[in-house]
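User: Hi! Could you walk me through this protein, one question at a time?

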Amino acid sequence: MASNSKSETFLQRYGYDLLLASIAALYVLTVPYTKVEESFNVQAMHDILYHRTNLDNYDHLEFPGVVPRTFLGALLVSIIAAPFVLTASLMHLPKFYALVIVRMALGCIILYTLRFFRRQIRNKFGHQVEAFFVILTAIQFHFLFYCTRPLPNILALGLVNLAYGYWFEGRVYAALNSLIFATTVFRCDMLLLLCSIGMQLLLTKKISVWGALKHCTGMGLFCIGLTILVDSVMWKRLLWPEFEVFWFNSVLNKSSEWGTNSFHWYFTSALPRSLLAAYPLSVFGLFLDRRVRSFTFPVLAFILLYSKLPHKELRFIISSVPIFNVSASIASNRIYNNRKKMIWNLLFLTLLALLLVSLAGTITSFMASYWNYPSGYALKELHGIGFHHDTNEQWVHIDTFSAMNGISRFCESDLPWRYSKEEQISLEEFQRRNFTFLINEHPVINGFKCLFTEDGFSRVRLKSGFPPISLVKEPKVYVHGSLGNQNIVSQNFSGCS
């Protein structure tokens with residue numbers, strides 16, 4: 001009996017955490033590779049774990065990217081992951097396992113901060129609202145898929161979760177300080193959320209200008225000093241990374257070079273895809289409980305302000321998802337509690353239908369994302385075809401497209417494998433170089449034999465029957481072998497036809 005009681009207590013305390021963590025872990029294990037948006041922090045974690053104090057070997061000095069980013073997030077995750085990475089190294093496991101470990105470590109940080117926020121939801125709105133919050137989060141693809149991805153937005157998300165928790169708890173200056181940390185260190189665009197929440201607190205007289213200055217100035221100076229101290233050492237120049245990002249994106253408006261969207265895009269594309277069933281439910285929740293309006297309206301203001309910037313991506317507003325889920329959870333709870341009444345019964349059936357549609361949407365998004373990292377799978381297959389037994393160096397050139405779509409330093413193997421990401425090499429020049437293999441977006445390259453291709457996600461196609469949609473894949477990455485290597489010429493490969 002005592003054992004059963006303990007297991008019940010454990011599930012009551014950590015059951016929701018286990019559910020969300022299991023789904024996030026599933027995404028990590030099935031889609032382990034990373035994209036270009038994550039490249040800085042991924043390479044930084046690799047270099048911290050494997051090169052340690054040997055800064056000259058760090059990837060960012062050779063490939064600095066468009067704007068500099070802070071090392072503080074990568075340092076924190078690496079410190080947590082280090083004992084597990086050391087264990088994997090002692091077991092002679094490939095570095096690829098370290099990629100899984102650092103992503104799991106990041107996911108634990110984000111879900112731990114979400115747990116703190118969830119506890120405040122329970123204290124303010126009750127256990128059932130918390131339960132619906134977990135259900136909605138579990139059947140939304142993007143939040144749990146992104147929570148393990150080392151993006152600056154996700155590192156900031158951990159602090160935003162803390163800020164939401166403190167805000168719900170009534171510790172408003174702690175909430176503002178969390179957002180100050182997120183803004184000055186990880187994502188300067190969190191300034192919009194900081195201003196929106198700060199203005200609401202000021203208008204409702206929960207804070208004063210003098211109180212904000214007294215309680216928050218020290219945190220701002222500390223964060224700026226910390227990031228300048230650490231990142232100036234790591235980048236080998238005096239640097240406040242997020243100030244340079246702010247200048248590049250907001251003042252110079254250079255981010256628009258990466259594509260633009262209409263003003264309403266966040267409301268008509270990003271939020272519907274990230275929230276799914278919670279999108280209409282969150283609107284309904286605003287009418288049912290006025291308490292949630294004071295939390296939702298500043299977040300809506302944040303998105304409206306952000307919509308002024310032409311370059312838009314879903315990950316830029318991922319920090320708004322938990323608040324919308326709270327409003328949606330309140331609506332779901334009210335519908336559930338009144339499900340035996342006439343009109344509410346119809347709403348309850350609609351709720352169930354929305355949850356099923358969300359689940360179907362999440363499965364579709366997951367399958368599309370699985371096929372979205374073709375070069376990572378291509379390099380894995382190349383490592384597995386047997387050339388690692390050759391004592392000669394096997395030079396692999398990774399083109400820009402491949403480096404952006406699945407390959408990181410964690411994917412590399414030990415000798416005899418060697419790797420190059422040298423840019424701006426013409427197709428004609430490859431046959432004059434000493435590369436053994438090419439992982440490339442081009443199907444034909446003179447002097448090389450196309451060994452195999454790796455398919456990637458192309459589009460969703462509607463069709464009759466069940467399921468009503470199918471995923472269309474097409475060759476995205478081509479692996480070539482040098483015709484000057486007899487081992488390659490003598491072996492049979494699937495080819496690229």
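**Folding and charges**

Analyst: Happy to! This is a predicted model, and the protein has 20 helices and 5 strands.

User: What share of the residues count as buried?

Analyst: To count as buried, a residue needs under 20% relative accessible area. Of the 497 residues in the protein, the share that counts as buried is 52%.

User: Which residue forms a salt bridge with D59, and where is it?

Analyst: Side chains of opposite charge can pair when their charged atoms come close. D59 sits in helix α3 and is 362 residues from its partner. The partner lies in the loop between β2 and β3. With the closest N and O atoms 3.3 Å apart, the residue that pairs with D59 is K421.

User: Is D59 buried or exposed?

Analyst: The cut-off for buried is under 20% relative accessible area. D59 has 6%, so D59 is buried.

User: How do R433 and E429 count in terms of accessibility?

Analyst: Their side chains meet in a salt bridge, at 2.9 Å from N to O. R433 has 27% relative accessibility, and E429 has 25%. Both values fall between the 20% and 50% cut-offs, so R433 and E429 count as partly exposed.

How values were computed. Residues numbered from 1 in each chain as written. Predicted model: local features only at pLDDT ≥ 70, side-chain atom pairs only at ≥ 80, totals over all residues. Heavy atoms only, no water. Helix = DSSP H or I, 4+ residues; strand = E, 2+ residues; numbered from the N terminus. Buried < 20%, exposed > 50% of the residue type's maximum accessible area, 1.4 Å probe, protein only. Salt bridge = Lys/Arg side-chain N within 4 Å of Asp/Glu carboxyl O.
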